[in-house]
Amino acid sequence: MLLELENVQKAYSQFSLSCSLKVEEGCVTGLIGQNGAGKSTVFKSILDLVYPDSGKISVLGKDHRDITVKDKEEIGVVLAGSGFSGYLTVRQIIPVLRSLYRNFDEKEFTERCKKFRLPTDQKIKEFSTGMRAKLNLLAAVCHGARLLLLDEPTAGLDVVARDSMLGILREFMETEGRGILISSHISSDLESLCDDLYMIDNGKIVLHEETDVLLDSYGLLKVSETDYRKLDKRYLLRVKKEPFGYSCLTNEKKYYLENYPEAAIEKGSVDEVITMMTKGEAI
Ligand SMILES: Nc1ncnc2c1ncn2[C@@H]1O[C@H](COP(=O)(O)OP(=O)(O)OP(=O)(O)O)[C@@H](O)[C@H]1O
């Protein structure tokens, strides 16, 4: 296990986090939630930047408070809204990375910067959002980390930049024994990359599912009030009143497809599942 949070609690005056999650070797785990759901609080707790009130966090098999400087070399981090000083250039951050990480692969880093057309001698503050995001990610993947902790690494990026970021992450995962925890409020980013997804809402994990299962077995039934009354509700997770009747979220789409051939059953994108899990009512 690369990362495990067990019942981690953190209370602020207006918000409280309660979170358990795992990142296994060979897995990309996604954390999806709206603004303010608690994603950054999860990352900061892992990195000891905020102190949880209770619970247990283990990183690379150790309690996160016992992580040494050497262990940290095995972790690559991109935090929302942070990065290198804007007054430095890529050329100037290379010696910094070299001194921080014994396994920093300067050749790979330089080549990749070139590939992504990141200028070597321009101040980072003059970079676009996409350029800065790529630089932060390249710095996180070029020192032989086993675990990447990426808080909203694709925020503010256009489709092309997002795709190249996902490419970097897929390549990172080609080496055995690695894993990623990545957060986003854009579920389509995570859908194609992640093996499993955790959905967080108002500080609570409302759903954890393998991405394949989510896409294959979850579905949205749209039924009239009359049909809703007759519906077998055993496999419904959430229900929402609509002008036409009810929207129902199921994790047994096949059952309803087979038994209610007339019903309108949609595939249910990750976004719709999140909306239903957060806005729908439990059965
Ligand atoms: N230091 C703090 N003191 C009090 N409340 C805080 C503090 N830090 C975060 N919060 C609150 O915790 C909640 C979750 O914040 P967090 O930054 O974890 O959300 P997020 O999911 O990362 O959101 P976003 O997508 O907007 O970055 C918010 O309501 C925020 O106001």
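## Two domains

In this predicted model, the C-alpha centres of domain 1 and domain 2 lie 34 Å apart. The domain assignment places domain 1 at residues 3-211 and domain 2 at residues 218-282.

Let's look at where the two domains touch. Contacts link eight residues of domain 1 with five residues of domain 2. Sorted by class, the domain 1 side that touches domain 2 holds five nonpolar residues, one polar residue and two charged residues.

## What the UniProt entry says

The UniProt record, an unreviewed entry, lists "domain: ABC transporter" for residues 3-227. Over residues 3-227, the chain is 33% helix and 28% strand. The end C-alpha atoms of residues 3-227 are 45 Å apart.

## Around the ligand

The ligand is surrounded by 13 residues, and the closest are Tyr-12, Asn-35, Lys-39, Ser-40 and Thr-41.

What classes of residue make up this shell around the ligand? Eight of the residues are polar, four are nonpolar and one is charged.

## A helix pair: H5 and H6

Two packed helices are described by the angle between their axes and the distance between the axes. For helix H5 (residues 129-141) and helix H6 (residues 159-172), the angle is about 5° and the axes are 10 Å apart. An angle under 35 degrees counts as roughly parallel, so H5 is roughly parallel to H6.

Which residues of H5 and H6 meet? H5 brings Gly-130, Ala-133, Lys-134, Leu-137 and Val-141, while H6 brings Ala-161, Ser-164, Met-165, Ile-168 and Phe-172. In the contact of H5 with H6, seven residues are nonpolar, two are polar and one is charged.

Key
Residues numbered from 1 in each chain as written. Predicted model: local features only at pLDDT ≥ 70, side-chain atom pairs only at ≥ 80, totals over all residues. Near = placed C-beta within 6 Å. Nonpolar A, V, L, I, M, F, W, Y, C, P; charged D, E, K, R; others polar. Domains from an automatic or database assignment. Contact = placed C-beta atoms within 7 Å. Axes fitted to C-alpha atoms, helices over the stretch in contact; angles between N-to-C directions. Helix = DSSP H or I, 4+ residues; strand = E, 2+ residues; numbered from the N terminus. Parallel < 35°, antiparallel > 145°, perpendicular 65-115°, else oblique. UniProt positions renumbered as here; feature names shortened; annotations may be inferred.
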